[in-house]
Amino acid sequence: MPSSERSGEPNHILEFPGGYTRSVGPVIGRFLSELRDGRLKGVRTRNGRVLFPPVEYDPDAGDDVTDEFVDVGPVGTVTSWSWVPNPRKTHPLDRPFAWALIRPDGADTALLHALDMGVFDLGAKPPRRLRTGMRVRPRWRAERVGGIGDIECFQPEVTMITAPSRLEYRLQGGRALDRFLEGVSQGKIIGHRCDVCGQVIVPMKGLCPKDGVPTSEEVELPGTGTVTTFAVNNLPDPRAPEVPFVSAYILLDGAGLTMLALVAGVPADQVRMGMRVRAAWRPREEWTRSMANIRWFEPTGEPDVPFDEIKDHL
Amino acid sequence: MRPVAVVAFAQTRHKGEDAGLSETELLAPVITEIKRRTGVTRFGFTCSGSNDYLVGAPFSFVSALDAVGAWPPISESHVEMDAAWALYEAWVKLQHGEIDTALVYGFGKTSQSSYPEVFTQGLDPYYLAPLGVDQVSLAALQARAYLERTGTDERRLRAVASRARTDGRANPSALHLDDPGDAEPYEVAPLRPHDVAPVTDGAAAIVLAAGDKARELAGRPAWITGIDHRSEPHQPGFRDLTSSPSTRLAAAKAGGTGGVEVAELHTQFSHEELILRDALDLGDGVAVNPSGGPLAANPVMATGLIRVGEAAARILDGTAGRVLAHATSGPCLQQNLVCVMSGERSDG
């Protein structure tokens, strides 16, 4: 309920118990009878327009409408909409929804009705799918009585489905990765030095990707390094602290190859190429055989490394 | 046409919350004040505008007559509309030529109910009211249509609301509302709370007089040079909500808007000002709602009459030569009244 309104229980109620009885006449009566049968009918004016919902007179000319009722819809186009983040108790839905003007195919005018866009928390902003021009269909009530509420609400046409997608694996990382993770489980970052080119590969693969030769000489690297390049991510990821987050290539001191890691502890728009960072380890009691032991890398505060020194590690 | 003018205007210091006064108690001081200012205690005709649903009691407008004094019996009428339409009825009565003065008043107290839901009960009972669609939701449909058709940014709505609130703080009768916040959530998108006229309790009265009687009662009467009202289909889905052809037509029938310096518009939602400016061809040089307008005080059923009163006051105090007042009724600016007034008497 909007905050501007007075709260508290009413001490006076104006009501016709059971509802006020109204006759509907032949035009609205025909429409409501067809509606009860699950059909949308418009009425034709003398100049050929189709009014929906039907009324007795042509609003332009003032003439009686004809007695020709024509099928319209059931698909319609939204011509304007408003979004109710906090429904009133008098509203037809108790979760956020849209009011929409809907012009059914074959009609020249629009009907006002509620448009259910799905499940949202109270106070939600309008969903992006909700657009003027979107195509919608009525959701009929099973028990119909001959009232505008025989349409419970409208709902969007089906434009998407959600396809199930899941496969199960039992993966082995391989011996080199196994050894690397063993190091990580003890708080160490281990790499291999290549006998041919001398560069340190971390995490090691047991091979030098440059020379194509096996490697086995272990080297322990410090937890400090330099951001060579990075990306700002705006889609949430369970491994990241919040959106936006930064994933970066980090050249550990002494390493010849970069590794991919999160950078945090600094606003995303302040991360720089050449920025000095250090590993932020989780508390020792939380360590497992996983890279998650390093929560992310954080700035050290040292001066940035000149671009020339990292340009070969992008 | 018989020359008819607004010769006096009075209104309450409107309140944004229930101050414990009944509608009649709200109205009585305004009637007393306008009788004192004009020196007239008996009027040729009395006409009021109000809404029984605001207090949920039938014929509640009748008890308001206690504030007027109706004995010996007076010639009286009432419209279940904004009192701007009561003013129109009184103007027609004055055109008949049998009376020279008329008292017009309106009053509204929205603090006791949910006005957007009361409004629902005034909608078509077959297609609209059963849905429970309320006034703000309907207005938001029109706002959306206008914003999309014109490419207008929602920030322009905020600018309208901000100016209204600034002007309202300079008006002792209006509510004194803070500037709109930067990130207010939507009330009904695309409208935010500041785009919606506030809950208000208040009343207003105007005295109309014809010909020489007007000169006798006011030094500079606000002569009504044109007044007209027009309506569009009730169903919002039958209309182009991005414009207000009934306002445009009423303005043309009222003699056009040329030379207007001040326009008081019945804008209960900020986008309505943009639509009405278009329909009335008001240039940037026209001061719109210098009183703050309905976005700064909306005692419904008096709000439209107050537009006439605020505009006329600029003639009466000599600060403007030609002014326009607008009033509206129904969903999404369905029915519109335009009243043009001038310091120069028109016998046209």
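## Contact between the chains

Two residues are in contact if their C-beta atoms, placed from the backbone, lie within 7 Å. This model is predicted. In it, 35 residues of chain A are in contact with 33 residues of chain B.

On the chain A side, three strands each supply at least two residues: S4 (76-84), S5 (97-104) and S6 (111-115). S4(A) gives the largest share, five residues. By class, the side of chain A that touches chain B has 19 nonpolar, twelve polar and four charged residues.

## The annotated domain of chain A

UniProt, in an unreviewed entry, lists "domain: ChsH2 C-terminal OB-fold" for residues 70-141 and 218-282 of chain A.

Both stretches can be described by their secondary structure and their ends. Residues 70-141 of chain A are 0% helix and 42% strand. The end C-alpha atoms of that stretch are 22 Å apart. Residues 218-282 of chain A are 0% helix and 51% strand. Here the end C-alpha atoms lie 24 Å apart.

## Two domains in chain B

Chain B is divided into domain 1 (4-113 + 199-219) and domain 2 (122-197 + 225-342). Their C-alpha centres lie 22 Å apart. Domain 1 of chain B brings 30 residues to the contact, and domain 2 of chain B brings 26.

Four elements of chain B give two or more residues to the domain 1 side: strand S1 (4-11), helix H3 (83-96), strand S4 (101-109) and strand S5 (201-210). The largest share of that side, six residues, comes from H3(B). By class, the side of domain 1 of chain B that touches domain 2 of chain B has 15 nonpolar, twelve polar and three charged residues.

## A helix pair in chain B

Two packed helices are described by the angle between their axes and the distance between the axes. In chain B, helix H8 (residues 245-253) packs with helix H9 (residues 270-280) at an angle of about 40 degrees. Their axes are 8 Å apart. H8(B) is therefore oblique to H9(B). The cut-off matters here: angles under 35 degrees count as roughly parallel. The crossing of H8(B) and H9(B) is right-handed.

Which residues of H8(B) and H9(B) meet? H8(B) contributes B:Thr247, B:Arg248 and B:Ala251. H9(B) contributes B:Leu276, B:Ala279 and B:Leu280. By class, this contact of H8(B) with H9(B) has four nonpolar, one polar and one charged residues.

How values were computed: Residues numbered from 1 in each chain as written. Chains lettered and ligands numbered in written order. Predicted model: local features only at pLDDT ≥ 70, side-chain atom pairs only at ≥ 80, totals over all residues. Axes fitted to C-alpha atoms, helices over the stretch in contact; angles between N-to-C directions. Parallel < 35°, antiparallel > 145°, perpendicular 65-115°, else oblique. Left-handed = near helix turned anticlockwise from the far one by under 90°. Nonpolar A, V, L, I, M, F, W, Y, C, P; charged D, E, K, R; others polar. UniProt positions renumbered as here; feature names shortened; annotations may be inferred. Domains from an automatic or database assignment.
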